[in-house]
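Welcome, and please load the model in your viewer. We will walk through a few selections together, one stop at a time.

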Amino acid sequence: MDCIDCKAKSCRKGGKTRICEINKEKTISEYKNEENQKIVQNAAILVDNGRAGTLSRIQELLEFIRLMKYQKIGLAYCYGLENLVSQLLPVFRKTGAEVVPVSCTFGGLLQDEVNQESRIHNVSCNPLSQAEKLNQEKVELTIVIGLCLGHDILLNRYLKSDVTTLLVKDRTVSHDVMKGISKLFLELNRQ
Ligand code: SF4
């Protein structure tokens with residue numbers, strides 16, 4: 001049994017079943033860590049007291065940056081979305097934070113240098129250098145904007161800052177992942 005199969009949904013009423021035992025004391029003590037409390041409390045401000053569903057994700061993100069008092073934030077963006085990122089830069093700067101945009105092709109490595117199986121001599125996405133640059137800059141929060149699947153995983157693996165994703169790349173549906181899922185369901189229903 002897993003959470004989808006579970007009929008009891010006891011967790012929804014503060015309970016549990018035999019498969020969802022947790023170490024409650026340890027978990028609550030982790031939440032009490034000052035840094036975690038800061039995130040939990042500021043995240044709650046965005047949705048509690050009837051605010052859930054009233055802010056778009058970008059509005060939430062801008063308010064969260066202010067609430068967290070981040071002094072320096074990084075934008076780990078896909079070069080294909082550079083126009084959008086240029087337009088967003090002043091918006092992020094209005095939060096008062098210093099903003100460091102770093103392109104996915106930072107460092108200019110080629111595909112056959114990054115991928116041992118590749119014979120393609122074109123510029124490559126380079127999430128390791130993107131992360132290294134953001135780490136050197138000591139950004140406190142990295143905002144991921146449109147990175148390719150896989151490159152985003154490596155970036156997350158190497159980053160030392162807090163990380164949140166604003167936009168997931170899906171070229172087939174203007175980066176609207178829900179539309180991609182709906183298209184998949186339609187195709188599956190036709191089979
Ligand atoms: S009660 Fe436990 S198993 Fe059931 S949905 Fe909640 S967490 Fe999952």
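Start by selecting lysine 138: this residue comes after helix α6 and has a positive phi, near 55 degrees. Helices here are DSSP runs of H or I with at least four residues, strands are runs of E with at least two, and both are numbered from the N terminus.

A note before moving on. The model is predicted, so local features need pLDDT of at least 70 and side-chain atom pairs count only at pLDDT 80 or more, while totals for chains, interfaces and linings use all residues. Residues are numbered from 1 along each chain as its sequence is written.

Next, select α6 itself, residues 127-136. Which of its residues are buried? They are Pro127, Gln130, Ala131 and Leu134. Look down the axis of α6: these buried residues fall within an arc of 95 degrees, so they line one face of the helix. The arc is taken from the directions between helix axis and C-beta atoms. Buried means 20 or more other C-beta atoms within 10 Å of a residue's own, with C-beta atoms placed from the backbone.

Now show what covers that face: β1 (72-77), β2 (98-103), β3 (141-145) and α7 (151-158) are included.

Within α7, pick leucine 155. Leucine 155 is buried, having 23 other C-beta atoms within 10 Å. Leaving out residues up to four places away in sequence, leucine 155 touches Ala76, Pro127, Gln130, Ala131, Val144 and Leu147, where contact means C-beta atoms, placed from the backbone, within 7 Å.

Finally, zoom out: the protein chain has eight helices and four strands, and 20% of its 191 residues count as buried.

Conventions. A residue is buried if 20 or more other C-beta atoms lie within 10 Å of its own, exposed if 12 or fewer, and partly exposed in between; C-beta atoms are placed from the backbone. Two residues are in contact if their C-beta atoms, placed from the backbone, lie within 7 Å.
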